[in-house]
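Work through the exercises below with the model open beside you. Try each task before you read its solution.

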Amino acid sequence: MGKKKKSKKTAGWTGDVADLLRVGPDFDLASFDRGGTPGWDGDKTSAAAFMRKRGDELSDLQERLFADGKSDGTHSVLLLLQGIDTAGKGGIVRHVIGMVDPQGVALASFGVPTAEEASHHHLWRIRKQLPPPGKIGVFDRSHYEQVLVVKVDELEPPDVNATRYDELVDFDHEIVSGGTTLIKVAMMVSHAEQGERLKERLERPDKWWKYNPGDIDVRERWDDYQAAYSEMLTRTSTEEAPWYVIPADRKWYARLAVTELLYGALTDLDLAWPEADFDPKVELERLAETSRA
Ligand code: AMP
Ligand code: MG
């Protein structure tokens, strides 16, 4: 007798992740469950299998985007990652973006502005890093730090800072109008989980490089940061450039969800392979003529 095949339901998404995680007018950060796995009908193991499948698909979609860019296409994608230290931004870059060809990726990280950057308008350094057609841009932190660390630490006068929300919305509009699909992701980790992750960074010598004593200063201002995130999310989530809030206490879920958002955005572009600007038949004949057999 042959082995009986277990009837196993394939794990998957129960709904549109983008709809589930998009920030709408009623969004309330305080009641947002950071340990949740909205929309995922499965566990960590089934997520890993699903990620492999999506990885192959993403790779194909990214190549289409790249090919389109080489053929005078105007599309690009920008995945913007925000989150407090330990929220898992680096893990997204490694595990999600790591699934596609690095030649098609334009990665930029934004830290404390250099003296030169600080001498310009805050969007100066950001503009320089916007992805060209054909590329998937990834921002590890972004122009939104202007209403996060800059606001919380009062690095500019509050009355000036208050004007930033509208400015950021206008800037997003400019990005989107240029042919870029903007995916704004806010990774939200709980206070307890952040404590665990910082502890791990301190206890493991292979993680010390990730630690910065300033991370504790930021943690001490947890409530201020939460208030700043909340205001940012509700004031700058627009129809053309919405925020997606990702529960980040389970790393596997955060990666799975961001993968799905990227997959959805690339699928929506509906890119066909570019037409040849030569005659393949003629070229095949020419190739045959080069035979030395
Ligand atoms: P990390 O992402 O851990 O390498 O840290 C980058 C640091 O740069 C964080 O502490 C951010 O708060 C800081 N940072 C990013 N953008 C700005 C900005 N516009 N002004 C001040 N600090 C910033
Ligand atoms: Mg850090």
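**Exercise 1.** How much space lies in the second largest pocket? Then describe its lining.

*Solution.* Note that this is a predicted model.
Step 1: the volume. The second largest pocket holds about 330 Å³ of space.
Step 2: the centre. The lining has 19 residues, and the closest to the pocket centre are Ala-18, Leu-261, Gly-264, Ala-265 and Asp-268.
Step 3: the elements. Helix H1 (17–21), strand E6 (180–188) and helix H12 (251–269) each give two or more residues to this lining. H12 provides the largest share, seven residues.
Step 4: the classes. The lining of this pocket has 11 nonpolar, three polar and five charged residues.

**Exercise 2.** Find how many aromatic pairs there are, then classify the pair Phe-110 and Phe-139.

*Solution.* Step 1: the count. There are seven aromatic pairs.
Step 1: the geometry. The ring centres of Phe-110 and Phe-139 are 5.0 Å apart, and the planes stand at 80 degrees.
Step 2: the cut-offs. Centres must lie within 6.5 Å, and planes over 60 degrees apart count as edge-to-face. Therefore Phe-110 and Phe-139 form an edge-to-face pair.
Step 3: the place. Phe-110 is in the loop between strand E4 (105–109) and helix H4 (115–118), while Phe-139 is in strand E5 (residues 136–140).

**Exercise 3.** Classify the pair Tyr-144 and Trp-243, and say which parts of the chain the pair ties together.

*Solution.* Step 1: the geometry. The distance is 4.9 Å centre to centre, with 75 degrees between the planes, and the pair is edge-to-face.
Step 1: the place. Tyr-144 sits in the loop between E5 and helix H6 (149–152), and Trp-243 sits in strand E7 (residues 243–247). The pair therefore ties together parts that are 99 residues apart in sequence.
Step 2: the surroundings. Tyr-144 and Trp-243 are both buried.

Definitions and conventions
Residues numbered from 1 in each chain as written. Chains lettered and ligands numbered in written order. Predicted model: local features only at pLDDT ≥ 70, side-chain atom pairs only at ≥ 80, totals over all residues. Heavy atoms only, no water. 1 Å grid on protein atoms, 1.4 Å probe; cavity = no way out; pocket = protein on both sides within 12 Å on 5 of 7 lines; lining within 4 Å. Points joined across faces, edges and corners; volume = space filled by probe spheres on them. Helix = DSSP H or I, 4+ residues; strand = E, 2+ residues; numbered from the N terminus. Nonpolar A, V, L, I, M, F, W, Y, C, P; charged D, E, K, R; others polar. Phe/Tyr/Trp six-rings, centres within 6.5 Å; stacked < 30°, edge-to-face > 60°. Buried < 20%, exposed > 50% of the residue type's maximum accessible area, 1.4 Å probe, protein only.
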